[in-house]
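Here is a short tour for anyone meeting this structure for the first time. Have a look at the picture, then read on.

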Amino acid sequence: MAGSKPRSGRSTSLRDTSESKMDTAGSWDALEWTKIEPMSRSVSRDILDLLLEAEQVVVEGSGVVLVNTDEAGTLVVTNYRLLFLSEGTRKIIPLGTIPLATIEKFSKIVLKNPSASRQSEKNPSKRLLQVIGKDIRIITFGFRPRTKQRRAIFDALLKYTRPARLWDLYAFSAGPSRYHNTNPKVRLLSEYFRLLGNSNYHPSLETIENRSFTLSNDWWRISSVNSDYDMSPTYPFAFIVPNTFSDEEILQASNFRARCRLPVISWCHSGTGAVLARSSQPLVGLMMNMRSNTDEKLVAAFCTKHYSLRGSSRKLYIADARPRKNALANGAMGGGSESSANYSQSEIVFFGIDNIHAMRDSLARLRDYLDTYGATSSDGMSSFLRHCGWTWGGGNLSSMSASVSTLGDSAWLIHVQTVLAGSAWIAARVALEAASVLVHCSDGWDRTTQLVSLASLLLDPYYRTFKGFQALVEKDWLAFGHPFADRMGMPTISGDGNNPYELYRQASSGTGSFSMSPIRQSSRSSTSTTQQSPGPSHAHTSSNSSPIFLQWVDCISQLLRMYPLAFEYSMAFLVDFVDCVLSCRFGNFFCNSEKERQQAGVPDACGCLWAYFEDVRSEGTSHHHYNIFYDPTKYDGPLLPPAAALAPTIWPQFHLRWACPKEAQAAEVETKCRNTANKLADLQKAKDASEKKAKEVVMKLESLTAELQNEKQLRISSMNLAKKATRESDAIKRAVKSLGCNIHFSNSGELTVDKEDNQKDAYRSVYSPPRREMCSSLQDEDKSDLSVSLTVTGDDKVSSNSVSRVCESLCPLRIRDGGCQWPDAGCAQFGSQFIGLKANFDAFDRLSIYDTYFGSE
């Protein structure tokens, strides 16, 4: 690494190296490589706090340098992931942390210096460990010599990255935990019922056990012929077929297709009756002269008649995902493709999508391109200083041309475009022509699954929601047997386990190839030797691994970029989804088929990825998995992108997040919009709270106003009653005064009436107001009365038989003949020396007395 100069004026401690970004290829030479530090024997508390449930530390190494970013820290291997903690902050460094199942290969690298004894003593060989991930990243860790830390880390990775048995994976150790898995068969039947228009039916385990799930509509039915996986071990236990086809005919037709994967319906249009069907290649043989009447009858049943087609049979397209030459070559092994002459109303179309091996090499070239020209390269060299000059030319435009051509030579974007174009073509035939399409490749579980599921997503808005996306993945990818274990290089329950698993990938070939990691050969000052991991025993070889599923999700990201209003889920959700699938933290994507997952007991023994996502989204639509631009009314029908729009680009949130993290974040306009939306939501909540409080204040003010009005009414009523009482009091005073009595009112409200006759008898009467509340007497004016008690006291005793004389002397209303003009007065109650007189003022109102009788004074 000549040409690089060490940093001057700085300490060479590991803590200092984590504080700055490496600027030159040799900046990590400043580390104290000769310092010997033994391995840590105990796990620190801060590491234990970062572990997941059932996650255990296997080995820990301190003083390790992440060469990509020139950060020092602690490297930890657990039974689930490779964990890198910063030396200063003790926080997880995302670039240096990777699940073990996501590691594609790893290798030990030794960088030897030129043969000079003195320089060798001062600068010994560098011990590196390079890790290449399936998620488009290459990581390089640097270790001090003579510490045996690299050996311990390497041996732990050998043991835990590729376990020999399926049950050794972390998901089985963690168990279902909080993310329990419902039966995937029940969810598959629910999707079938929706497609057949029977959403009101809800399947259960009892429905599956009794095999009472064979519902049907006018065209299609659910068959249970494969309930025990005897017909095809890679097909689901139930699938949709034409209702005119019997189970016996289905068994017969399956013998004409590779791996007995006969044509079945993956999606159907409830209005037109058009279908998307899938299968494997027909076994027509080398001469392409083999035929099956049952298979031809089954395919012809997809061309049902419909009233919208005016009595004519619909068109049938047979879409072969392979290049034509590959299809013909498969004929030598008994396979091949259909002939339009044998299938009525049919047309054969070849899409020219390459096989799994081409996709694997293409992704490897894309990964190396990003590592070469990214900001965090695995060799620690900034892309702007590579080749002793500016990457984009350094005064020479040929360098720019070379870098652009290497991206094109990776062919990844071309493959994505081919898959998108094929899916869009299928969706257009179904939506615009009401035609049925049968899709297949060789085995019908890689390219077929990509095309059928992507076309279904374009046709059906339901699949562009969270629930629909889950149903789509479980139906077309999991139930129909995409071999996830083979494609991801993970163990399964099949195989004898004696075939060696090769952890390393051969160098990519092709035009426009460029220097790739491990440490690039352009360095002139040092030489490198690489020791690859020899890989433990495993049931599958790396020749079957391929990023087919990742490519499909990449296609969805391109559609989401073109139609940001059509999807409920966001780019962040797609990234997290791919990470969870690659990490094997949950058991949903284990094994190669539904049958194998059932045999291994995966649904009951492992956690469920869908339950995990539902839990993280429980906080509501503010979660970053939700697409804030989603408008279901804008695109409530099929998406039919024109060919000119199918120009894919680098998926920045996934492809650039490790190599160019700043650019990946800058590309996320959605994040800024989400922050703005969250602030707007907070303001809306504050506004709603203020409006609610204002309504409460208004209601309280209205209540107080009503009470004030009542008080005013009571005041007016009280004043009226007081005036009436005053008038009545004046009338009584005049009436009593006419009797020759003197009336006196005291301050306490007592009324004193005195009367003296000619015999000088003194009569004293005392009146006290009734003991009632004033407000009660005012409110009940009709029942108010006034009582006057007269006490007559004299020197002589009052005779008990002198009623007439007293009445005549006291009451001027008594007539001469002994009658009374006031018959209702109720007076004349004598007793001893007391005379009681009760005046009922209601009687005054009924008297016919001239007002002049009570003449005003």
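## A tucked-away cysteine

Let's begin with cysteine 441, which has 3% relative accessibility and so counts as buried (buried means under 20% relative accessible area, exposed over 50% and partly exposed in between, with a 1.4 Å probe and protein chains only). An unreviewed UniProt entry puts the annotation "active site" on Cys441; such annotations may be inferred rather than shown by experiment, and their positions follow the numbering used here, with feature names shortened.

Where does cysteine 441 sit? It is in the loop between strand E14 (436–440) and helix H14 (447–459). Helices (H or I, at least four residues) and strands (E, at least two) are DSSP runs, numbered from the N terminus. Leaving aside neighbours within four places in sequence, cysteine 441 is in contact (heavy atoms within 4.5 Å) with several residues, among them Ser279, Ser280, Asp320, Arg322 and Thr448.

## About the model

This is a predicted model, where local features need pLDDT of at least 70 and side-chain atom pairs count only at pLDDT 80 or more, while totals for chains, interfaces and linings use all residues. Residues are numbered from 1 along each chain as its sequence is written, and side-chain values use heavy atoms, leaving out hydrogens and water.

## A strand with two partners

One of the contacts of cysteine 441 is Ser279, and that serine belongs to strand E11 (residues 275–279), where 5 of 5 residues are buried. Val275, Ala277 and Ser279 cover one side, with Leu276 and Arg278 on the other.

E11 pairs with E14 in the parallel sense over 4 bridges (two strands pair if DSSP finds at least two bridges between them). Here serine 279 stands opposite histidine 440 of E14. E11 also pairs with strand E10 (residues 264–268), this time in the antiparallel sense, again over 4 bridges. Isoleucine 265 has alanine 277 as its bridge partner in E11. The hairpin of E10 and E11 has 6 residues between the strands, and glycine 273 there takes a positive phi near 85°.

## An enclosed helix

Why is H18 described as largely enclosed by the rest of the structure? Because 10 of its 13 residues are buried, including Phe573, Leu574, Phe577 and Cys580. After H18 comes cysteine 584, with a positive phi near 60°.

## The whole chain

Stepping back, the protein chain holds 27 helices and 21 strands. Buried residues make up 50% of its 857 residues.
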